[in-house]
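This report considers how the parts of a chain are arranged and how one copy of a chain meets another.

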Number of protein chains: 2
Amino acid sequence: MIDLEQLHDCYVKTDSKIILLVVDGLGGLAHPNTRKSELETARIPNLDAMASESACGLTTPVLPGVAPGSGPGHLALFGYDPLKYIIGRGALEALGIDVELKPGDVAARGNFCTVDDRGTLVDRRAGRIPTELSAPLCQRLDEIQINGVQLDVFPVQDYRFVLRLRGEGLSEEVSETDPQITGVEALPVNPLSNRATRTSDIVNEFVKQAKEALMEEERGNMVLLRGWAQLPDLPPMGDVYKLNPAAVAAYPMYRGLATVAKMEVIPTGKTFSDEVDTLHKNYRDHDFFFIHYKPADAAGEDGDFDAKVKTLEDLDLLIPRLRELNPDVLMVAGDHATPAIMAAHSWHPVPFMLNSALTKGEGVNGFSERDCAMGSIGRIPATNIMLLALSHAGKLTKYGP
Amino acid sequence: MIDLEQLHDCYVKTDSKIILLVVDGLGGLAHPNTRKSELETARIPNLDAMASESACGLTTPVLPGVAPGSGPGHLALFGYDPLKYIIGRGALEALGIDVELKPGDVAARGNFCTVDDRGTLVDRRAGRIPTELSAPLCQRLDEIQINGVQLDVFPVQDYRFVLRLRGEGLSEEVSETDPQITGVEALPVNPLSNRATRTSDIVNEFVKQAKEALMEEERGNMVLLRGWAQLPDLPPMGDVYKLNPAAVAAYPMYRGLATVAKMEVIPTGKTFSDEVDTLHKNYRDHDFFFIHYKPADAAGEDGDFDAKVKTLEDLDLLIPRLRELNPDVLMVAGDHATPAIMAAHSWHPVPFMLNSALTKGEGVNGFSERDCAMGSIGRIPATNIMLLALSHAGKLTKYGP
């Protein structure tokens, strides 16, 4: 775990290189007809061959039985205890659309909603108005000015937006305005601690002005705000591990999570193939790379077993391009399982493999949940994979005399 | 873990007997040519037979990915959290040459070094002068007297010595004098906390007098001091577990680690065979024995795969002599892995087996990393093996009503 001070003297800077490939939603569950999981069904000769000469195991993202979101799932892989370092919903929503969050900024998830002329909530999602209609409304809200704070409103999708407050002395400790039911008024914002009074006043003023700015609208004539969050203050991954870490991710959310760990984010294209190209081009400049593969999670969330199998086969074709870089350590990990039969993130332990010069003799038969359970690493907390990577790369020396 | 107060009422004194055999550096890694580890290569029929009727598993000394030194490796097996109880380098160096450390004593690792006539470091190891030359210099340093403190200097090997300070109100929180590079002067000692001022003054005075005492020497004409350490204050193993524990170890380091846990150290000979004889002779007088086997680690550290295999085969021949004592619990454990292909301590989980009347039905095929991974115990923190031992010996009763 990254904040174990006892280990800080054990980290050493070396020239060795580590690649962490995170396959989003990697783990799965057996299909009831075939009794084979997505990984067991997919034809993935390159991943299987790699597993035969890798230290393999299963990672537990948070705790057995706890399905994580993308935030805790990734923080754990980077070594941060996901029960200690928490990224609030507003902050994660902002990261997901590439909105910059600086320390101290406060972000909230916003919904456009519909109220009647007495202010009673009729529709908490404003009839799910499309982005074409909501984006101009965001523009209007973005123009609201309140003394002593910078207010910015960013469209997300359909009825959703992000509100970002920037300025001195702001606090995330304010209450939400969304009553979660219709037939009542939106709630006023209240401070949840003494130091949040000013933020609370600012947000109430914002809501008042937003209501005025939107009153002529038919559907999106009011806003609801929730998930108030500041970025957690994480020990920088590069400082602690003595690395110069970089992230290559096509999706904004994962670039955002990398910035939370204070990695350098390298601009890249829209596909994993683009990411691999980016990795090749920048390989000399860093000693740790986090590279992210999204499609497996998306197919799993859709509940499409065959599609998830296909995403794994697509990934497999690009594994040789990662291996040809010949990194000292190449890890394949997942932030969580997304079993297609659940169509959701799950709590199941996630297959993991670590390939290095030292692991040639420790392989298993293939890369799957069942095979990895037989691997030499066993079942470990996801927060420990960076320790394994650093050790295998000669960057973590003996603890204690 | 030994300091879990919730369990203290569960420990009971009984007549049953426990033997913990620690095979130093027990675990290994597959040889790349044969894909077999040292344990898998060795002919060890007695250990294999024992594994077939033992509860087997793998122990993690500190955390996955963290390779421990001898100190944390052994403390963990005795039940002490190695991230909480830390033995500093100076203290371990002292224990390694049988120098007594009492609570409050401060020890440092010393080097003789060479400085030029302006005091600039020319050689941090004084040309690695041999013990024959350095021992008389230690004698000279040992004669230095400073008011209010007892100073003792003990030769270790070649250019290395141990400085021990004994007296009231000493502190380990002082800075090191070794600048780690040549071409500069040795550093003065500074207090790192308010209560270390006096210790700091004492050490600076010692260094001044040492310089004078050594100034006519050609190579060892100055000293460097580092690794300041006091013994950690551990809950005594015997008190907590309600045991009368004894240690049998040919090497001073491991006798020292046993004294840290407040075990009684029984004098023995130079070989493991001597240790087994000592165990037999003293078997009636204690209910817990820690017996230490060193050669496996030494061969592993040398990177000599075949030699490590041989040490395991040698050990195997003496296993019947341990079993014939018919202890209620006999454990075979390792403080860490020392894979010959790494020629170093490593982070890999270490094979473990516990034999008792209750385990006759829970064996595996042999005693190796792979076999133990299939064992009934699974993978556990090394800090938990004492709980298993006490339970199997009827010395740890039900927790909670």
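## Domains and chain contact

The C-alpha centres of domain 1 of chain A and domain 2 of chain A lie 35 Å apart, with domain bounds that come from an automatic or database domain assignment. This is a predicted model, in which local features need pLDDT of at least 70 and side-chain atom pairs count only at pLDDT 80 or more, whereas totals for chains, interfaces and linings use all residues. Residues are numbered from 1 along each chain as its sequence is written, while chains are lettered from A and ligands numbered from 1 in the order in which they are written.

The division of chain A is as follows.

| Domain of chain A | Residues |
|---|---|
| domain 1 | 5-87 + 234-392 |
| domain 2 | 92-229 |

Between these domains, 7 residues of domain 1 of chain A are in contact with 5 residues of domain 2 of chain A, a contact requiring that the C-beta atoms, placed from the backbone, lie within 7 Å. On the domain 1 side, helix 8 (residues 252-260) of chain A gives the largest share, 5 residues, where helices (H or I, at least four residues) are DSSP runs numbered from the N terminus.

Chain B can be laid on chain A with an RMSD of 0.2 Å by a turn of 124° and a shift of 0.0 Å along the axis, the superposition being by least squares on the C-alpha atoms of residues with pLDDT of at least 70 in both. The two copies are thus related as by a three-fold rotation axis.

The contact between them takes 28 residues from chain B and 20 residues from chain A. On the side of chain B that touches chain A, the elements giving two or more residues are helix 3 (70-78) and helix 4 (89-96) of chain B.

Notes:
Contact = placed C-beta atoms within 7 Å.
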